[in-house]
Amino acid sequence: MSGLRKTKKKKTRQAIMNAAINLFSKKGFENTSVDKLAKEAGVGKSTIYGYFKTKNEIFLAFCEDQIDFIFSDLAINRDIDAPIKDQLFALFMGQFRYVTKNFDFGRILAREMVFPKELTIEKSNDISERYLNALGEILTRAISRGELRDDLELLYISGHFYALYIIVLSAWYERRFETEAEIELALQKLLKQAMEGLAPRDGHQN
């Protein structure tokens with residue numbers, strides 16, 4: 001019986017999430033009421049509050065699902081001995097594909113995660129911490145292999161690389177790129193520049 005209840009709860013939660021993705025992208029976050037969410041999900045208003053205390057928490061739940069999916073997928077498919085640039089490329093492209101599955105909702109989500117005025121800050125920070133810790137594991141291995149300098153603080157290395165992902169994601173929503181192939185090329189170039197540095201190579205100094 002407990003298994004059936006667990007399955008039902010999972011389906012209900014997903015129905016709420018799907019309704020939120022649909023309504024937030026069509027009507028916007030502010031214009032979507034809990035009543036509308038309940039009607040779209042086919043559940044009662046009290047059921048919504050049984051899963052999420054506020055609309056903000058639905059955003060955060062999407063973020064948590066995103067992190068769980070991306071890093072579990074990476075754990076299964078990644079080559080931990082691959083160059084750090086290749087591992088980061090796989091991570092960020094996986095994240096990009098997940099976030100942009102629904103174009104409009106992804107745009108709202110990206111904005112709120114960078115400028116979290118709508119989100120519960122404490123919970124948002126918890127999610128950011130989880131993400132940075134997981135990213136830090138990849139970078140720590142790269143440091144131990146000599147791919148990255150060992151005199152740099154891990155937090156700032158993580159922030160540096162994550163900022164590159166934010167750049168390409170923003171460019172996508174600004175419609176500077178029209179295809180995923182363009183996103184891949186831009187991300188590869190940014191990661192290459194980050195690893196090689198921007199200073200002139202030896203013999204090319206002015």
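User: At what angle do the axes of helix α5 (residues 84-99) and α9 cross?
Analyst: This is a predicted model, in which local features need pLDDT of at least 70 and side-chain atom pairs count only at pLDDT 80 or more, while totals for chains, interfaces and linings use all residues. Residues are numbered from 1 along each chain as its sequence is written, and side-chain values use heavy atoms, with hydrogens and water left out. Helices are DSSP runs (H or I, at least four residues) numbered from the N terminus, and angles run from 0 to 180 degrees between N-to-C directions of axes fitted to C-alpha atoms over the stretch in contact. The axes of α5 and α9 come within 10 Å, and they cross at roughly 145°.

User: Which residues of α9 does α5 meet, and how many residues of this contact are charged?
Analyst: On the α5 side the contact (heavy atoms within 4.5 Å) uses I84, K85, L88, F89, F92, M93, F96 and R97, and these meet E180, I183, E184, L187, Q188, L191, K192 and M195 in α9. By class (Ala, Val, Leu, Ile, Met, Phe, Trp, Tyr, Cys and Pro are nonpolar, Asp, Glu, Lys and Arg charged, the others, Gly among them, polar), the contact of α5 with α9 holds 10 nonpolar residues and one polar residue, and the number of charged ones is five.

User: How are α8 and α9 oriented to each other?
Analyst: Helix α8 (residues 154-173) packs against helix α9 (residues 180-196) at an angle of about 155°, and their axes lie 10 Å apart. Because angles under 35 degrees count as roughly parallel, over 145 as roughly antiparallel, 65 to 115 as roughly perpendicular and the rest as oblique, the pair α8 and α9 is therefore roughly antiparallel.

User: How many residues in the contact of α8 with α9 are nonpolar?
Analyst: From α8 come H160, F161, L164, I167, V168 and W172, which meet E180, I183, A186, L187, L190, L191, A194 and M195 in α9. One residue of this contact is polar and one is charged, whereas the nonpolar residues number 12.

User: How are α1 and α2 oriented to each other?
Analyst: The axes of helix α1 (residues 2-27) and helix α2 (residues 34-41) come within 8 Å of each other and cross at roughly 120°. The orientation of α1 and α2 is therefore oblique.

User: Which residues of α2 take part in the contact with α1?
Analyst: On the α1 side, the contact is made by A15, I16, A19, A20, N22, L23 and F24. By class, the contact of α1 with α2 has eight nonpolar, one polar and two charged residues. The residues that α2 gives to the contact are K36, L37, E40 and A41.

Technical notes:
Helices (H or I, at least four residues) and strands (E, at least two) are DSSP runs, numbered from the N terminus.
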